[in-house]
Amino acid sequence: MSHRPAGSNSRSHPRQEPEIGVQEILLLALLGAAVGTYGTLVGVGGGFLVVPLLLLIYNLSPPAAAATSLVVVCLNALSGSISYLRMRRVDLRTGLILAVATIPGALIGPALAVRVPERAFKIAFALFLLGLAFVLYRRPERVVGANAPAGNSRWHIHRTFVDRSGSAIEYHFNVPLALAISLLVGVLSSMLGIGGGIVHVPAMIHVMSFPVHIATATSQFVLAITSAAGVAEYAARGHVVWPIALSIGSGVVVGAQLGAALSHRMKGPGIVRLLTIAVVVLAVRLLWSAI
């Protein structure tokens, strides 16, 4: 396997795509199946697992790794969203509101990926993630409905969501805060190629008072829209390494279906514990790469 490091911004000098054999395609597809299962189960997309592989094994530049990973994240989110929509776990109304807020950030992320000082950003973000992991570990779930306003207002939305079993689930969130968080998630999603759910899901649970299962499912739906916007921007800049992205993506589509099915059998705290592991792994990886 031989190829040139990717990431050139120039469209006049197209990147040479790596040659991938059948055996390598199968291995990447198996990796994708694992990423899709785990990512869909906790609503994070799985990019935090894919990016290190692309950086270390394939020697891609950070923008190329983020771009290629984001294609995988997009396929994962699309496949998982289809399953969650069938289960009636996605709050479409709220998901569309949050998705609209993430799109500007998703378009900004690729530009920042080649401009922001990499080491300082990685250290700061890693420390933030470790703090987030501590909160998730100490308090896997928030009491839904606590201190909730009586009804909707200009800045607050109270939601009653009916799932497939007919159970009514109530939760509420502050609209400006939710939009601000979603904008940040869009930036991080495209900039790092990690999807953004790793920040969005904890925020939806602890800041926006979402039940865990609704948060993970709705996050996947939002992630599908956000990552698609990021992929379009990265593709226009010529950063995506398509052979690798599609090889991993073929497994992700299958794994996402399995992850959605497993989520039906897991309780909220168990899903949050798995999410905590993902947050810690990403934080350690960022710190290690910044040293």
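Tutor: Helix H3 is mostly covered, with 20 of its 26 residues buried; buried means under 20% relative accessible area with a 1.4 Å probe, protein chains only. Helices here are DSSP runs of H or I of at least four residues, and strands are E runs of at least two, numbered from the N terminus. This is a predicted model, in which local features need pLDDT of at least 70, side-chain atom pairs count only at pLDDT 80 or more, and totals for chains, interfaces and linings use all residues. Residues are numbered from 1 along each chain as its sequence is written, and side-chain values use heavy atoms, with hydrogens and water left out.

Student: What lies just after H3?
Tutor: Arg88, which takes a positive phi of about 60 degrees.

Student: Turning to the strands, how do E1 and E2 run?
Tutor: Strand E1 (residues 156–162) and strand E2 (residues 168–174) run antiparallel, joined by seven bridges. Strands pair if DSSP finds at least two bridges between them.

Student: Which residue in E2 is the bridge partner of Phe161?
Tutor: That partner is Ile169.

Student: And what is in the turn?
Tutor: Five residues separate E1 and E2 in this hairpin, and Gly166 in the turn has a positive phi of about 90 degrees.

Student: Back to helices: at what angle do H4 and H8 cross?
Tutor: The axes of H4 (residues 92–113) and H8 (residues 212–237), lines fitted to C-alpha atoms over the stretch in contact, cross at roughly 30 degrees and come within 8 Å. With angles taken from 0 to 180 degrees between N-to-C directions, H4 is therefore roughly parallel to H8, a term for angles under 35 degrees.

Definitions and conventions
Buried < 20%, exposed > 50% of the residue type's maximum accessible area, 1.4 Å probe, protein only. Parallel < 35°, antiparallel > 145°, perpendicular 65-115°, else oblique.
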